[in-house]
Protein chains: 2
Amino acid sequence: MPKKIRADVAVVGGGLAGLVAALWLEREGYEVAVLEARDRVGGRLSTVHQDRYWIDEGGQWLGEGQNRIYGLAFELGLELFPTHTNGDTIAVIDGTRYRFRGEMPRLDPLVLADFAQGFWRFERVVRGVSTEAPWRHPRAARLDAETIGSWAQRAFLTAKARKLFELFISAVFAADPEEISLLFAAFYVKGGGSFRNMIATQNGAQQDRVVGGTQQIVEKLASNLQGPLLLGCPVSEITQDNQKVEVRGAKTILSCARAVVAIPPSLAARIAFEPALPGDKQNLLERMPPGSVIKFHAVYEEPFWRSEGLSGEAGSTDLPISFTFDNSPPEANCGVLVGFAEGRNAQALRKMEESERRRIVLDSFREYFGHPALEPAQYFEKDWSKEPWTRGCYAAHMPPWALWRYGEALRAPVGRVHFAGTETARIWPGYMEGAIESGERVAYEVHRQLARARKGKSDV
Amino acid sequence: MPKKIRADVAVVGGGLAGLVAALWLEREGYEVAVLEARDRVGGRLSTVHQDRYWIDEGGQWLGEGQNRIYGLAFELGLELFPTHTNGDTIAVIDGTRYRFRGEMPRLDPLVLADFAQGFWRFERVVRGVSTEAPWRHPRAARLDAETIGSWAQRAFLTAKARKLFELFISAVFAADPEEISLLFAAFYVKGGGSFRNMIATQNGAQQDRVVGGTQQIVEKLASNLQGPLLLGCPVSEITQDNQKVEVRGAKTILSCARAVVAIPPSLAARIAFEPALPGDKQNLLERMPPGSVIKFHAVYEEPFWRSEGLSGEAGSTDLPISFTFDNSPPEANCGVLVGFAEGRNAQALRKMEESERRRIVLDSFREYFGHPALEPAQYFEKDWSKEPWTRGCYAAHMPPWALWRYGEALRAPVGRVHFAGTETARIWPGYMEGAIESGERVAYEVHRQLARARKGKSDV
C-alpha cells in the first residue's frame, strides 16, 4: 500500500526549478514535499567526478544576462571560472578547414554577406517577439505556420550561408531547423536577449563554468530543504477537486493544497490528471518534444591543442560533432574536450555500436585538433534521450502551430496544479536561468493563492 | 493484486484494428486475449440509438477504393446505403453564399483557375510519394521541412483559392494546414488514392453508410472472438525479454509470446515500455498528435432542405461548421444534419459553454439551410478530444520532420511488440479501411514469427 503523507504544497520534480520553488515556498512558511523519480536530485544537471577533473554530463554554462544563476552560485559559495577561449578557432565548412580568430572564418565575402543579412533578418524577428506572450505578435500566426528550416530556405541566397545559420540553430535547440517553428525559435532566442548572445562564448551564454560541476548547485539547494525530499518516487497520477490535490505514485499518496509540476513537458504529458487537463494544455504538452543531443568528453594528459595556439573551440557543417569546447579544469592539470552531436547527428550516432560511435567522435576531434585527439586517456558519452526521467536535452521545442494556438496554456495553472520547469520560463527558457525564473514564478503563484486562502477567502 | 493470465498473443486495444488482428490470429489457431481500456469495444466507432434513427458519433463512411471495409461489411451481413447527395450544394466563401450543382461554386474564374493549378500541384506531390516508404522520396527531406500551410502560401496566387484549399485540408485532417507536414499530408492522401477521391462524396471517401451505424461492425467482430475480451483494462506497462512479453494493467498481468499495440500513437506513447522503446519509435510517437474535431448532429422532424432542392451538403471558409452532410436514415423518417468543426474551429467551440456552442452551431446550419435549421428536435455533440482513451479524431497527423526522420519506426516491431492501428496503415491511414489493413498486416507479422518459433527456430 502506498504511504499517505500531507503537505501544503507538493513539488513534482527535484530539478533546479522544483528545488527553487520548494525553497522559496518554505521560506514563506509552507510545508513542502518534493517528489523526485530518480534516486538523485538535479534532473538535467549531473556531474561525474574523477581524480583530477569532473565531467558535467548535462547543463554546464552560465552566461551574460543570466543574473539569477550567477546570484545563486554566489549565494551557495560556488567558484566560477571562464570557459577557455584563448587561441584560434577551427571550422570545417563544406569540406574546407579554416583556422581563425574572431567570430567568423574567412569564407567567400559573398557568403559572409549573405550570412550576415539572414542572421540580421532573424534577429529582427526575434526583437519583435515578446517572451511574455509571443502569441500576441501581430504576425504570430504567420510566423508559427512554418519551420525555421523552410524560412531559412528563403532567407539565405547561398546554401553555404544557410548551412552555417542552421548549424547555430541546431546547436542552440539540439534539434534540426526543419522541426522547429519560426515563432518558437524567435521566442526562445528572445529569452536569451539575441541570437548573437546565445551562441557566443565570451559575453555570451557559454561564458562561465562552475568549479567542481553544476550538480553542486542542486545538491546544496536540496540540503537546505526542511520538508521531505522523496527520491525514487515517480508520480503517475494527479487528482484534484475544489478542496485539495492528491499526487500519487506507486509508493506514496501526497495530499496537499497545491501542486507544482516541475518536470519536462513530455513527461508531464504522461501523468494521468483527474479531471483531465484542459484540451489546450494537453495539446501543448503533446507538441513539446525534447531536443536530441549526445554530449561527449575526451580526457587527455594535457590540453595539447593549447600549445598549438588553438582554443579548443571548433565547429562544422560537415562533421557529426558539430561543436567542441575546451572543458579542462581551471588548473589545466589535464585536457578535456567536450563535443556535441545534435539533432540528426545524434540520431545517427545513437544507432551505432559504442565502439563505432567512439571511433567517429574521436575522428571528428582529430579533424579539428590533429592526431593526438585520437588517443584520449578517458572517454565519456551521455545520451540524455535514454534517460527515462528526462528523455532528451537540452530542452523541449515546438513544431509549427503549437505556440500560437496553445501558448497561453504554457504557464497557466490548472485549478490547484501549477507548472514550472525551464520550458515555461519567460527569460532563458531551456537554460538553468530559465529553470530558476520558472521556480520563482510558480512559487509566487502558489503563495498568492495560499495566502488568500489563509485569509479565509476562497482558495480557487 | 492483478490477475495473472496467459495467451499466445495480447492485443492492446479493442478497436477495429485490434479486433481484426485478434480474429485473424485466432483463425490461425493462436490463443489471443484482447485488453480494452473502455467498457465497450470499437474505439473511434460508436453509435447512439434513438427511436427513429441512429447517430454515428465517430467514423461513419465507406468509400471508393476501400475494399476491405466493404468486404467486411458484406461478410458481417450489414446493409449499406449511399450518402444522400441529390440537390444543390451550398458554399459560404468570404462572406458570399453560393448555391450550385457539381463540384465547385461559380467563383471568379481567376480564383477557380488558381485553385485548380494549386490543387493539381498538390496532387502531383501526392502521386510522387509512396505509402510504403514515403521517407524514400528523393525530395523527402525538403517536403518534410515545411507545413502544408506554408507550402500553400507559395502554391496559390489568390488568398481565396488558398483558403478553399485549406478548407479541404482541414476537413481531411481535422487539423490546421499550419501544423501538418507537407510530406505527411501527401503520404496520408496517397493512402486514399488522390485528394480528389478523399474529399468527394459520390465515388469518393464519403460515399456509403451503414444502416444502423458502424458500431455494429466492431460489435459483430467482438462477438466472434473465442478468447478473452477484457473490458475496462487499460494497459500501463509492457515488459519484454527474449522469452516473453508481459502486458500489465491495474487489474491484469498478461503473459504472452507476442503483443500487438493497436491504440492511437499518443496513447501508445504513455505506456511504460521495459526496456524502453528505441529512440526513433519514442520520438515518432511523441510527434503524432491526434486531430481535433467536434461532430454535431441536429435532428429534425423531416429533411426540410430536401424539399427546397438542397442536398444537405455545405461548406464554408468562414463559418465555424466548415462542412455539413445529410445524415438522415435511408427511409428519411426524420431529417438529420451532421456538421463538423475542425482544427481551430473545434478549439474555439470547445472553450464555450454548451448553450453558446449550440447557438453558434445551429446558426451555421441556418446560414446554410435557412431558419428551420434553428429548431431541431434533438441536438448531439461529440468531442473526441475529451475521451481519455482516444484523445482526438479523426486520426493522428505529423508536424514537419517526423515522417522523414522517424518514419521507418512507424510500423517496425520492437522485439516481441508489434504495432497496428489506422495510423500505421499503408493504405487509407486514418480511415476504417486503414485500421483493417493494419490489423491484417500485424497479424501476418506476428503469425510469421510464431510459426517460425513453433518449428523450433528462434522466435526473435
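How many residues does the contact take from chain A, and how many from chain B?

## The interface between the chains

The contact takes 26 residues from chain A and 26 residues from chain B. Bear in mind, as you look around, that this is a predicted model. On the side of chain A that touches chain B, the elements giving two or more residues are α5 (148–155), α11 (279–285) and α13 (344–350) of chain A. Of these, α13(A) gives the most, with three residues.

What is the make-up of that side by class? The side of chain A that touches chain B has eleven charged, eight polar and seven nonpolar residues.

## How the two copies are related

Here is some background for the next step. Two copies of a chain are related by a rotation about an axis and a shift along it.

The same surface serves both copies, since 100% of the contact residues of chain A recur in chain B.

## The fold of chain A

Let's turn to a single chain. Chain A has 16 helices and 21 strands. Its radius of gyration is 22 Å, close to the 23 Å that the globule rule gives for 460 residues, so chain A is as compact as a globular protein of that length. Taken along the principal axes, the C-alpha atoms of chain A fill a box of roughly 70 × 55 × 40 Å.

Buried residues make up 57% of the 460 residues in chain A. Among the contacts in chain A with a separation of 6 or more, 74% are between residues 24 or more positions apart.

## A helix pair: α1 and α16

Two packed helices are described by the angle between their axes and the distance between the axes. Which values apply to helix α1 (residues 16–27) of chain A and helix α16 (residues 432–454) of chain A? These helices pack at an angle of about 35 degrees, with their axes 7 Å apart. The crossing in which α1(A) passes α16(A) is right-handed.

On the α1(A) side, the contact is made by L16(A), A17(A), G18(A), V20(A), A21(A), W24(A) and L25(A). On the α16(A) side, the residues include M432(A), A435(A), I436(A), G439(A), E440(A), V442(A) and H447(A). By class, the contact of α1(A) with α16(A) has twelve nonpolar, four polar and one charged residues.

Methods:
Residues numbered from 1 in each chain as written. Chains lettered and ligands numbered in written order. Predicted model: local features only at pLDDT ≥ 70, side-chain atom pairs only at ≥ 80, totals over all residues. Axes fitted to C-alpha atoms, helices over the stretch in contact; angles between N-to-C directions. Helix = DSSP H or I, 4+ residues; strand = E, 2+ residues; numbered from the N terminus. Left-handed = near helix turned anticlockwise from the far one by under 90°. Contact = placed C-beta atoms within 7 Å. Nonpolar A, V, L, I, M, F, W, Y, C, P; charged D, E, K, R; others polar. Rg over C-alpha atoms; globule rule 2.2 N^0.38 Å. Buried ≥ 20, exposed ≤ 12 C-beta atoms within 10 Å, placed from the backbone.
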